[in-house]
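This report describes the helices, strands and aromatic contacts of one protein model. The sequence and structure are shown first.

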Amino acid sequence: MLRSQRLAPTVAAVVLTVGALAAGGTAHAAAPAQHRAAAPLGQTCSQAYLPLPDPACTPGATNPDVTQATIDDTICVPGYSTSIRPPSSYTTKLKIQQIAAYGYSDTDTSDYEEDHFIPLSLGGHPTDPNNLWPQPQYATGPNGQSSRDKDTVEYKLYKAVCNHQVDLVPAQQAIVTDWTTALSVLGLS
């Protein structure tokens, strides 16, 4: 099945939830709809999508406190991402479990970044396991991309959102659909 076909329900959930929040809905009422159940611990996640996460295991999740209306008070405030980043005691434990779920032969945790699929700087949920995955720091996929390449894309998207060149929801959709093409899809490459 094509990645875009497998992601359609997840992207739709993000769009509907974030759209409802931007339209004045309450964060607490809409929050459950934005999450799709992550793969249960012990389930195998596929490496076939690298440098992207397996969408069945890591569909992404948004932070209900971040909407288009609140970006200037949340993600665009210097230090925001640092202020909500979960402690390493949480992310390291999760990273170990997820390295096993992805079946990586290299189990050295220092070779992986416990990545927020939808970055904190774009309104990603800080602690939801649906939004965290062990992204290899070494080159993967057909174009040999790594976590550093995604970090560059995240920063450019963050700057575009905070400079009001791109709205939050399209930036989130682009990163969830395929971070390797997100900039070009949004006309930012």
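A residue is called buried when its relative accessible area is under 20%, exposed when the area is over 50%, and partly exposed in between, with a 1.4 Å probe and protein chains only. Helices (H or I, at least four residues) and strands (E, at least two) are DSSP runs numbered from the N terminus. The model is predicted, so local features need pLDDT of at least 70 and side-chain atom pairs count only at pLDDT 80 or more, while totals for chains, interfaces and linings use all residues. Residues are numbered from 1 along each chain as its sequence is written, and side-chain values use heavy atoms, with hydrogens and water left out.

**Strands E1 and E2**

Of the 5 residues of E1, 4 are buried, so this strand is largely enclosed by the rest of the structure. Strands E1 and E2 run antiparallel and are joined by 5 bridges; two strands are taken to pair if DSSP finds at least two bridges between them. Within this arrangement, His 116 stands opposite Leu 132 in E2.

**Helix H4**

Helix H4 comprises the 15 residues 88–102, which at 1.5 Å a residue should span 21 Å; its end C-alpha atoms are 20 Å apart, in agreement with that value. The expected span is 1.5 Å times one less than the number of residues. Thr 91, Leu 94, Lys 95, Gln 98, Ile 99, Ala 101 and Tyr 102 are the buried residues of H4. They cover an arc of only 150 degrees around the axis and therefore lie on the same side of H4, the arc being that of the directions from the helix axis to the C-beta atoms. Ser 89, Lys 93 and Ala 100, on the other side of H4, are exposed. The buried residues of H4 pack against strand E1 (112–116) and strand E2 (132–136). Just after the helix, Gly 103 takes a positive phi of about 70 degrees.

Contact means heavy atoms within 4.5 Å. Ser 146 lies in the loop between E2 and H5, whereas Ser 147 is found in helix H5 (residues 147–162). Not counting residues up to four places away in sequence, Ser 146 touches Gln 135, Pro 136, Gln 137, Tyr 138, Ala 139 and Trp 179. With the same exclusion, Ser 147 touches Glu 113, Gln 135, Pro 136 and Gln 137.

Helix H6 (residues 168–178) is mostly covered, with 8 of its 11 residues buried. Among them are Leu 168, Val 169, Ala 171 and Gln 172.

**Aromatic pairs**

Rings of Phe, Tyr and Trp (its six-membered ring) pair if their centres lie within 6.5 Å; planes under 30 degrees apart count as stacked, over 60 as edge-to-face and the rest as tilted. The whole structure holds 5 aromatic pairs. Tyr 104 and Tyr 112 form a stacked pair, 4.7 Å centre to centre with 25 degrees between the planes. The rings of Tyr 155 and Tyr 158 have centres 6.2 Å apart and planes at 40 degrees, so this pair is tilted. Both Tyr 155 and Tyr 158 lie in helix H5, 3 residues apart, about one turn of the helix. Ring pairs also link Tyr 102, Tyr 104, Tyr 112, Trp 133 and Tyr 138 into a cluster.

The table lists relative accessible areas for residues discussed above.

| Residue | Relative accessible area |
|---|---|
| Ser 146 | 10%, buried |
| Ser 147 | 3%, buried |
| Tyr 104 | 5%, buried |
| Tyr 112 | 2%, buried |
| Tyr 158 | 18%, buried |
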